[in-house]
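Welcome! Let's take a friendly walk through this protein, one part at a time. Have a look at the sequence and the structure first.

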Amino acid sequence: MSDRQPQTRREALESEHPVSDSEAGATQTAEDEAAAKRAKAEFIGRTVAIFLMPLIFVGMMITSYLGTMHSPEANDMPIVVAGSSAKADDVTFAINGAEPDAFDIESTDDIYSAHEDVVDRDASAAIIVEGDTATIVTASGAGVQQASTVEQLVRPALEDDGMKVTTEDVAPLPDRDPTGMAAMFLMTAIVMAGYMPFSVLRSNSPELLKFKRIVPILAGWSAVIAGLVWTVACPILDVVDVKDTVAVLGIAWLGVFAISCVQLFITRLVGALGVIIGILFLMVLGMPSSNMAMPVYSMPKFFCFTHEFLPMPAIGESLRSVLYFDGNGVTGHLFVLALGAVAGLLMTKIYDHFYAKRNSHPVPLDVNVAAIHGGRRPDTKLMRYISLTLFPLAMVTMMITFMLGAMHSPTPKDMPVAVVGSSVEQAEDTIKQLDEQMDGKFEFTALDDKGEARRLVENRDEVAALVLPSEKSSDFELLANQAGNNASYRVAVQVFEKVAQAQDSDLTVDNLKPLPDRDKNGVVVMYVAMGWILAGFMVVVVAANANPWTRPLKRMLPIIVVYAPFMSLVVSTIAGPITGAVDGHFAELWGTGIIAIACISMFAMVFERLLGMFAIIPVIGTLMFAGVPSSNGALSQYMVPKFFATLHDFLPMAASVETIRSILYFDDDVVTEHLQVLGLWGLVSLALVFLIDGVKPPRTEHDFGNLHLEREREITKEQRKQALALGMSPSHQDSGEEEADDEFSQGHDSHQTVQGSVVDEEPEDSGSPRRAPTAGDGLTHNRAPEDERIPSTV
């Protein structure tokens with residue numbers, strides 16, 4: 001029995017009624033014109049993707065983060081008031097009167113249950129009323145920001161009501177993790193590890209997506225990430241106690257596996273674009289819902305709903321339960337993750353079952369990314385799979401080591417503060433006493449001129465200035481600059497309030513540049529800068545893979561000339577009209593954003609030339625993972641390790657943050673010097689690209705190498721299974737395969753660079769020896785009409 005494929009109706013008619021040479025020529029011309037139209041449409045689509053993909057990604061991320069975090073407001077935050085009914089009612093009335101929409105207050109006469117509600121995180125705080133004393137009970141382990149928000153809002157109302165206010169922390173954070181950042185960064189690394197492999201797996205090696213292959217791969221990958229997370233967090237950085245080893249390993253494994261299983265199903269539905277959907281639910285909605293960086297009760301109410309079932313909150317709260325609450329409350333969050341894993345696997349299996357019933361033949365998936373390193377597709381699967389593993393592994397490793405290592409324990413170090421006395425000698429004497437107490441936290445400068453100190457603080461040369469008591473005033477005065485950096489401002493106020501109290505004196509704070517209500521935490525500058533950075537490197541990576549024809553500078557530069565103003569306009573519109581995080585300064589932000597995005601694009605192009613898609617590793621590592629801690633954005637440059645503080649004067653992220661801060665709050669005072677930093681990065685990078693292109697001209701098409709041989713092997717394997725199902729003897733099958741291979745080799749061009757790979761499970765009983773087409777079928781001279789070919793999935 002021959003395995004030759006059956007003729008289509010068109011081929012049968014042509015064999016019965018041969019056409020003349022003129023008719024054949026006309027048919028060929030029509031086919032060529034149709035092929036040219038299809039190629040043109042594909043080229044346009046790939047070029048549009050260069051703009052569309054960054055627009056979707058940057059738009060989602062920046063809109064979500066700026067929209068939810070630029071001005072958080074407490075909203076129905078649950079608290080418990082415990083005490084006698086009369087006292088509890090008075091306190092409830094006082095709090096509701098001062099902050100009518102901030103809290104959802106429940107009263108009880110059981111002090112023990114009120115404490116338990118805080119420990120179980122059913123309440124953000126408890127107010128214990130005993131006589132004229134009110135104790136604010138919070139849990140720092142449930143979130144430092146949450147605890148401070150409650151105290152800041154409740155304390156004034158209680159004091160105005162004549163109460164003496166004390167505080168109690170029922171779940172203090174350990175010294176190794178004083179801000180509770182460990183759980184947040186571990187959570188982020190676990191989430192990244194769950195979805196990131198699918199960003200390239202579907203487009204590079206779709207054969208791995210077979211259910212029987214991918215499930216054990218995901219289980220092993222989850223184990224690798226769990227081991228990595230624990231190794232960095234416990235023995236290296238010492239932010240996780242050894243006693244929590246098993247729990248952290250288990251949560252990390254389950255978190256990665258659950259996210260991967262759900263992402264697998266999403267990839268089944270929409271293909272490679274599934275990673276965008278994954279990012280939407282995991283990062284864009286997940287971070288505001290997580291209750292980690294900001295209290296979920298300060299987010300829009302929608303995020304309180306998503307907090308209950310999204311994987312990022314489940315992972316974060318599980319880690320928080322283990323690290324800070326001895327495992328109390330972890331069960332429910334683990335159930336969410338386990339349910340997600342089971343649902344993802346079950347839905348994938350159901351999808352595969354019905355897909356196989358609808359399609360009796362394996363349907364090939366296109367391979368769109370030839371090689372992660374940007375060159376020729378590796379001939380061996382081992383090299384290809386190693387590349388697939390290294391990419392997400394490197395990203396997760398950098399994220400957890402750089403971000404967690406730099407920011408888990410922010411401590412002031414050499415923070416510049418001026419001390420102003422009636423004389424320089426008096427200021428120096430005070431500095432000697434302060435140095436003995438501060439242990440290197442501050443670098444003091446002695447002054448005798450308050451006006452000079454004010455100028456230094458306004459120009460951000462000094463974080464603050466402590467004005468000593470004098471004959472005119474018996475109080476300490478602190479000149480501070482909140483807009484310069486909110487974290488530095490808070491540290492200075494807290495430290496020098498204690499200094500004043502130790503001297504039985506009060507501290508008067510003169511905030512020279514307060515932050516507006518639309519930017520209460522001072523994070524707007526960082527998120528706008530993040531938008532520029534993401535937009536800058538994404539255009540290069542997307543262009544190189546979506547349409548490599550654009551890689552030469554003569555083609556890429558015009559694209560950047562259009563792209564940079566477009567994406568800068570998008571970021572400025574999100575920051576201003578859409579989220580309201582920025583008021584005014586539209587033209588200035590748009591113009592500087594154009595420069596920043598263009599320069600970042602040049603920097604990314606250098607590494608893309610050298611490493612292909614692997615360029616994401618050094619580019620993101622430099623711009624984001626090293627850039628954010630050193631940016632002086634959300635965290636002060638004086639509160640991170642010295643290495644990152646040194647980078648502040650050199651990295652593009654820091655230059656972008658300081659440029660935006662100068663535009664928004666300081667009348668463009670230092671814009672020029674920071675734009676010089678960005679410009680230098682852009683010009684040097686452009687020169688390097690010229691040099692690299694001179695040595696090795698950039699490729700303008702994907703090199704899929706021996707992908708056609710992989711396809712032939714897959715076809716042979718499929719034909720063998722079909723023959724065995726039909727009862728054909730192996731020898732007959734082998735002879736038929738040789739005949740088919742000879743015909744195949746005569747009709748195909750081995751240098752074709754767009755191919756496909758079969759990834760669905762081969763059916764046990766094929767009703768026909770006809771196989772489903774792949775992208776490589778376009779090379780055959782006799783193609784079936786559109787209505788007779790089995791369509792390929794995307």
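How many aromatic pairs does a search of the whole structure find? The search finds 15 aromatic pairs. Here, rings of Phe, Tyr and Trp (its six-membered ring) pair if their centres lie within 6.5 Å; planes under 30 degrees apart count as stacked, over 60 as edge-to-face and the rest as tilted.

## Before we start

This is a predicted model, in which local features need pLDDT of at least 70 and side-chain atom pairs count only at pLDDT 80 or more, while totals for chains, interfaces and linings use all residues. Residues are numbered from 1 along each chain as its sequence is written, and side-chain values use heavy atoms, with hydrogens and water left out.

## The overall picture

The protein has 28 helices and 12 strands. Both are DSSP runs numbered from the N terminus: helices are H or I with at least four residues, strands are E with at least two. Of the 794 residues in the protein, 53% are buried. Buried means under 20% relative accessible area, exposed means over 50%, and partly exposed is in between (1.4 Å probe, protein chains only).

Among contacts between residues at least 6 apart in sequence, 78% join residues at least 24 apart.

## Rings and charges

Let's return to the rings. F402 and F644 form an edge-to-face pair, 6.2 Å centre to centre, with 75° between the planes. F402 lies in helix α15 (residues 381-407) and F644 in helix α24 (residues 642-647), so the pair ties together parts that are 242 residues apart in sequence. F402 counts as partly exposed, at 28% relative accessibility, whereas F644 counts as buried, at 8%. Elsewhere, one aromatic cluster is formed by F51, Y563 and F566.

Some rings have a charge over them (NZ of Lys or CZ of Arg within 6 Å of the ring centre and within 35 degrees of the ring normal). R121 lies over the face of F325, 4.1 Å from the ring centre. The charged end of R460 sits over the ring of F666, at 3.8 Å from its centre.

## The nonpolar cores

A nonpolar core is a set of buried Ala, Val, Leu, Ile, Met, Phe, Trp, Tyr and Cys residues joined through side-chain atoms within 4.5 Å. The largest one here has 203 residues, and those with the most contacts inside it are Y195, M395 and F496. Helix α19 (residues 524-546) gives the most to this core, with 19 residues.

Leaving out residues up to four places away in sequence, M395 touches M192, M196, I616, I617, I620 and F625. There is also a second, separate core of 20 residues, which includes A88, A125, V129 and I136.

## A five-stranded sheet

Five strands make an open sheet in the order β2-β1-β3-β4-β5, with mixed pairing. Two strands pair if DSSP finds at least two bridges between them. The edge strands, each pairing on one side only, are β2 (103-108) and β5 (164-169). On average, neighbouring strands of this sheet are turned by 25° against each other, direction ignored. Strands β1 (residues 77-82) and β3 (residues 125-130) run parallel and are joined by four bridges; I79 has A125 as its bridge partner in β3.

Two helices lie across these strands. Axes are lines fitted to C-alpha atoms, for helices over the stretch in contact, and angles run from 0 to 180 degrees between N-to-C directions. Helix α3 (residues 85-98) lies across β1, β2 and β3, at about 175° to β2. Helix α5 (residues 144-160) lies across β1, β2, β3, β4 (133-138) and β5, at about 170° to β4.

M77 is found in strand β1 and is buried, with a relative accessible area of 0%. M77 and A102 are 25 residues apart in sequence, and their C-alpha atoms are 6.1 Å apart in space. Beyond its neighbours within four places in sequence, M77 has contacts that include F103, S124, T149 and Y297. T149 belongs to helix α5, is buried at 15% relative accessible area, and touches A74 and M77, not counting residues up to four places away in sequence.

R518 is in the loop between β11 (507-511) and α19 and is partly exposed, with a relative accessible area of 28%. The C-alpha atoms of R518 and S71 are separated by 5.1 Å, although these residues are 447 residues apart along the chain. Leaving aside neighbours within four places in sequence, the contacts of R518 include H70, S71, G580 and D583.

Conventions. Contact = heavy atoms within 4.5 Å.
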